[in-house]
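This report walks through a single chain together with its ligand, taking the sheets, the ligand shell and a few individual residues in turn. Please keep the sequence and the structure in view while reading.

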Amino acid sequence: MSEEPLLRLQEVEKRFGEFVALNGVSLTLRAGSVTCLVGPSGSGKSTLLRTVNLLEPIDGGGIYLRGEMLGFTVNGDHRRPVRKKAARRQAANFGMVFQSFNLIPHLTATENVMLGPVQVLGADRTAAGEQAHELLTRVGLADRFDHYPAELSGGQQQRVAIARALAMKPSVLLFDEPTSALDAELVAEVLAVIQELAREGYTMLIVTHELAFARDIADEVVMMDNGRIIESGPPERILLHPATERAQKFFASVS
Ligand code: ADP
Ligand code: MG
């Protein structure tokens, strides 16, 4: 693992009207590291992922990928949002996996995985199809290439969504509660795929309530509350010996 951070959040602020959703969040991800983001509902975890992915503009601070500020061009103290094309290029550095899969229902598994490369990266359909088959095989779906989302279990749909994220060759994978919508017996197959990606060296930021999983996979666990990071560090310390009463209560409530 390199020491230079791949991704750095510096005092990020995000407001919705008067409401402060992110209140000065600073975080660094080293290349090849896995960070698990935990915290109560409404603490700002999804908002944090959405700001990183440029789905939400920020109101203060900065987000830097390999030192490049995302979302803005800066001129002294003055900054303005980057143009659409630059924003799209920057966002392509991130692969997002949502709680609710978000597959396109009238496209097969293969077509769902091909869509980004063909439409956004301008890839050739044959090459994109071959890549989709490779990725679906990698997530254990070699026998489901031509199935539609409705013909797949939730766990299989989520694995298609992971293959779709990988197809864009992102620098960072963002997962927002990837197993929360799944029946209990389907959680393990999705977590196993994410574990394998960690072994392969992907840099990942994962929002999860699966604390045993976080303990296994994370290099760092970050706990949020009320739009702030209240604790962060190695999983053994944060999960087993949290310093704050807030974190102790939260871990007791989810385990
Ligand atoms: P978490 O993912 O930790 O449950 P969120 O990031 O989804 O929390 O939300 C953090 C807070 O921001 C919540 O109080 C939520 O209601 C608020 N929020 C999120 N998105 C919006 C939005 N688009 N407009 C207004 N408030 C929002
Ligand atoms: Mg959320």
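In what order do the strands of the open sheet of 4 strands lie, and is their pairing parallel or antiparallel? The sections below begin with that point, and it should be kept in mind throughout that the model is predicted.

## The sheet of four strands

The open sheet of 4 strands has the order E2-E1-E4-E5, and its pairing is antiparallel. Its edges are formed by E2 and by strand E5, residues 68-69, each of which pairs on one side only. Helix H1 packs on this sheet, where it touches E1, E2 and E4, and the direction of H1 makes about 65° with that of E2.

Within the sheet, strand E1 (residues 5-16) and strand E4 (residues 60-65) run antiparallel and are joined by 5 bridges. Two of the residue pairs can be named: Arg8 has Tyr64 in E4 as its bridge partner, and Leu9 has Ile63 in E4 as its bridge partner. As a general point, the side chains of a regular strand alternate between the two faces of the sheet.

Which residues surround ligand 1? The shell consists of Phe16, Phe19, Ala21, Gly39, Ser41, Gly42, Ser43, Gly44, Lys45, Ser46 and Thr47. Sorted by class, these comprise 3 nonpolar, 7 polar and 1 charged residues. Strand E2, residues 19-30, and helix H1, residues 45-52, each supply at least two residues of the shell, and the largest share, 3 residues, comes from H1.

Why can H1 be called largely enclosed by the rest of the structure? The reason is that 6 of the 8 residues of H1 are buried; these are Lys45, Thr47, Leu48, Leu49, Thr51 and Val52. Of these, Lys45 and Thr47 are also listed in the shell around ligand 1. After H1 comes Leu54, whose phi is positive, near 65°.

## The sheet of six strands

A further open sheet, this one of 6 strands, has the order E8-E9-E10-E3-E11-E12 and shows mixed pairing. The edge strands here are E8 (94-97) and E12 (228-233), each pairing on one side only, and the twist from one strand to the next averages 20°.

Strand E9, residues 172-176, and strand E10, residues 203-207, pair in the parallel sense over 5 bridges, and Leu174 stands opposite Leu205 in E10. Helix H5, which covers residues 154-167, lies across E8 and E9 and runs at about 170° to E8.

## Two individual residues

The C-alpha atom of Leu121 is separated by 9.1 Å from that of Ala92, a residue 29 places away along the chain.

Arg246 belongs to helix H9, residues 245-254. With 17 C-beta neighbours inside 10 Å, Arg246 counts as partly exposed, since this class lies between the limits of 12 or fewer for exposed and 20 or more for buried. When residues up to four places away in sequence are left out, Arg246 touches Asp225 and Ile230, the latter of which falls within the range given for edge strand E12 (228-233). The C-alpha atoms of Arg246 and Asn102, which are 144 residues apart along the chain, are separated by 33 Å.

## The annotated span

UniProt, in an unreviewed entry, places the feature "domain: ABC transporter" at residues 7-251. In the predicted model this span is 37% helix and 28% strand, and its end C-alpha atoms lie 27 Å apart.

How values were computed: Residues numbered from 1 in each chain as written. Chains lettered and ligands numbered in written order. Predicted model: local features only at pLDDT ≥ 70, side-chain atom pairs only at ≥ 80, totals over all residues. Pairing = 2+ DSSP bridges. Axes fitted to C-alpha atoms, helices over the stretch in contact; angles between N-to-C directions. Contact = placed C-beta atoms within 7 Å. Near = placed C-beta within 6 Å. Nonpolar A, V, L, I, M, F, W, Y, C, P; charged D, E, K, R; others polar. UniProt positions renumbered as here; feature names shortened; annotations may be inferred.
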